[in-house]
Amino acid sequence: MKRFFKSETGIIITFALLYLLKGILPTAFLTEVVIFSIYAMGCSFLIGRLGLTSFGQPAYLAFGAYGAGVYLYYFGHNSLVAIFVSVLFSLVLNMLVGSFMVRLNSSYFTLCNQAFCVVTFFLFQKALVKWTFGDNGLLLISRMDPTPIIDLTTTKGIYLFAFLMAVAVWFFYQYLMKKSVFGATCLCVKDNEMKLRFLGYKTFNIKWLAFVIANTTAGLAGALYTVYFCMVNANIANVNTASEAVAISMLGGAGTLFGPLVGSFLFIGLKDIASQFISHWEVLVGLLLIIVMLAGEKGIVGSLEGYLEKLKEKRTLAKPALTKEGGL
Amino acid sequence: MNSNTEMIIRAENITKRFGGMVAVNNVTFSLKKNEIAALIGANGAGKTTFFNILTGNYFPEEGKVYYKDLDITDYSPESRVDLGIMRTFQLASTFDNLKVIDNMRLAYYRANNKANLRNTFFSRIDRVVSEKIDACLETFGLTKMADRLTGNLSLGEKRILEIAMAIVTDPEVLLLDEPFAGLSDGEINECLDVLRQQVGKKTILIVEHKISKIEDLVEKVGVMVEGVMIAAGETKATLNSERVRQEYWKTAQDDCY
């Protein structure tokens, strides 16, 4: 069962189910869930696999969002190109920012990312207001041409595209976390960075690449947001939303493959439903988070995996035939 | 000095201060190829500091560390690994969230590949397969727990795994920092058996404060008291020398036997 969840078919089936939900749940909701889960994926990877908690994720989201926004507003009309350009743009920026950020450890990393997020917000809202139009933002609705194959200007088109992107991201992270040597070294950074250095691995490089990968994923989510909402304003980098990505990662299970998806689903779902009844719906998320954390600090998917593991152990104890299984 | 190629690792006149305290005071120590040596001394004698200078955690204020004839005083731990200097830690230092076999694979991978980002990114960990890993697991009695999570192992098993991780990289020099601390007698004997298999194959330095356990294993011993190496040489002779009797046995008699 656990193996099933971890293999490629697990991803395909999960996303197929998600796609089928389109018949029951509104497309707008699902689109947001999918985009948010891509955003949370990077954050979850950093927390769960490297032990680096960043409260500055909106900044990296904004890199991608503004990459696409600025391209569409000033240069071209093709949303697909805009997304591609913005991923490249955030990749380059993250390589630069990462080389400073990953020098910091634990709480300093967290807080400096937050500080960086405040700076980014200020940049987009005030300093670059001439080009970004601050809080009003870049309105792109008239600037986006229908794209061939998948038309990103329609709600169905953007959902399908975001959905396919998510599948790609999931395959990528599955390889990264469960299969590659790099993924294993990432986990070792969290476990015992000193020992890793004395095995001869350069931990700075490992953390740097992980940072770049995680935050470029956030950039992709940002670009998708821009195309989905047909606009981008400075609020996307607002530091007040920084805890969302972290909360979702923890809720779903940091470092697990499906954690961000489950977390986003719950988070956006709660937001959409509860905000109709109470104005401070965040209270519910907070309470839920505390309950889930008290139940073992592993998040929903993490706890579930642990439970399945126990079941499996019981079964193998009953039947002592051991199967040899590679990988993590 | 440089003509002495037989020495594989050589520390000359090492001095290290922390604030006003001299932790290591003008210490000279060397290891021949395939020699097993011990560094003993009471707690606070500076043996771990000296050890950390050999491995690259600290850089000495004075003195030089040579590997063969290469001056490695300023080398980072990572580049010392490239030369074949491998260490273990006082607290068994393994990767608890990985399986036992993956711990071994990571150690083996680094020793046999250029572990830059591109390589590590494009290699699959389950494809890091080698007879050497299997042989090493077998030798150290870890085969049956290969698929277990390292975090679930006992301290003694982790210590053995750590030594196995060092051996699988096929190092020239193996530096063990208090490998027996916190182990039961049974576990110590298991560790000793493991180490005996390496006699004559590897250059090994063991830091301990009790000599009794390793007295018949080591060929050479260095005794440190308050930052000074008071004696170094062949085990029996050194332990029985006048100065060691006076200064080391006196200060640490209860500790040692």
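How many of the 5 residues of strand E7 (residues 173–177) of chain B are buried? The answer is 5 of the 5, so the strand is largely enclosed by the rest of the structure. Here, a residue is buried if 20 or more other C-beta atoms lie within 10 Å of its own, exposed if 12 or fewer, and partly exposed in between, with C-beta atoms placed from the backbone. Helices (H or I, at least four residues) and strands (E, at least two) are DSSP runs, numbered from the N terminus.

This is a predicted model, in which local features need pLDDT of at least 70, side-chain atom pairs count only at pLDDT 80 or more, and totals for chains, interfaces and linings use all residues. Residues are numbered from 1 along each chain as its sequence is written, while chains are lettered from A and ligands numbered from 1 in the order in which they are written.

## Chain B as a whole

Chain B has 9 helices and 10 strands. Its C-alpha atoms fill a box of roughly 55 × 40 × 35 Å along the principal axes. For 257 residues, a compact globule would have a radius of gyration near 18 Å, and the 19 Å of chain B agrees with that. This radius is taken over C-alpha atoms, and the globule rule is 2.2 Å times the number of residues to the power 0.38. Buried residues make up 44% of the 257 residues.

Two residues are in contact if their C-beta atoms, placed from the backbone, lie within 7 Å. Of the contacts in chain B with a separation of 6 or more, 67% are between residues 24 or more positions apart.

## Back to strand E7

Both faces of E7(B) are covered. Val173(B), Leu175(B) and Asp177(B) are buried on one side, and Leu174(B) and Leu176(B) on the other. E7(B) also has partners: strands pair if DSSP finds at least two bridges between them. Strand E6 (residues 85–87) of chain B runs parallel to E7(B) and is joined to it by 3 bridges, with Arg87(B) opposite Leu175(B). Strand E8 (residues 203–208) of chain B pairs with E7(B) in the parallel sense over 5 bridges, and here Leu174(B) stands opposite Ile204(B).

## A sheet and its helix

Chain B also holds an open sheet of 4 strands in the order E2-E1-E4-E5, with antiparallel pairing. Its edge strands are E2 (21–32) and E5 (70–71), each of which pairs on one side only. Strand E4 (residues 62–67) and E5(B) pair over 2 bridges, and Tyr67(B) has Leu70(B) as its bridge partner. Helix H1(B) packs on this sheet, touching E1 (7–18), E2 and E4 of chain B, and its direction makes about 125° with that of E1(B).

How many of the 9 residues of H1 (residues 47–55) of chain B are buried? The count is 9 of 9, including Phe50(B), Phe51(B) and Ile53(B). After H1(B) comes Gly56(B), whose phi is positive, near 100°.

## Where the chains meet

The contact between the chains takes 27 residues from chain B and 23 residues from chain A. On the chain B side, helices H2 (77–83), H3 (100–112) and H4 (117–122) each give two or more residues. The largest share, 5 residues, comes from H3(B).

## Helix pairs in chain A

Two packed helices are described by the angle between their axes and the distance between the axes. Axes are lines fitted to C-alpha atoms, for helices over the stretch in contact, and angles run from 0 to 180 degrees between N-to-C directions.

| Helix pair | Angle | Axis distance |
|---|---|---|
| H5(A) (residues 79–101) and H10(A) (residues 203–229) | about 145° | 8 Å |
| H4(A) (residues 57–75) and H6(A) (residues 106–127) | roughly 35° | within 8 Å |

In the H4(A) and H6(A) pair, Pro58(A), Ala59(A), Ala62(A) and Tyr66(A) meet Phe116(A), Cys117(A), Thr120(A) and Phe124(A).

## One residue up close

Met177(A) lies in helix H8 (residues 155–179) of chain A. Met177(A) counts as buried because it has 22 C-beta neighbours inside 10 Å. Leaving aside neighbours within four places in sequence, Met177(A) is in contact with Arg49(A), Gly183(A) and Leu257(A). The C-alpha atoms of Met177(A) and Leu187(A), 10 residues apart along the chain, are separated by 8.5 Å.
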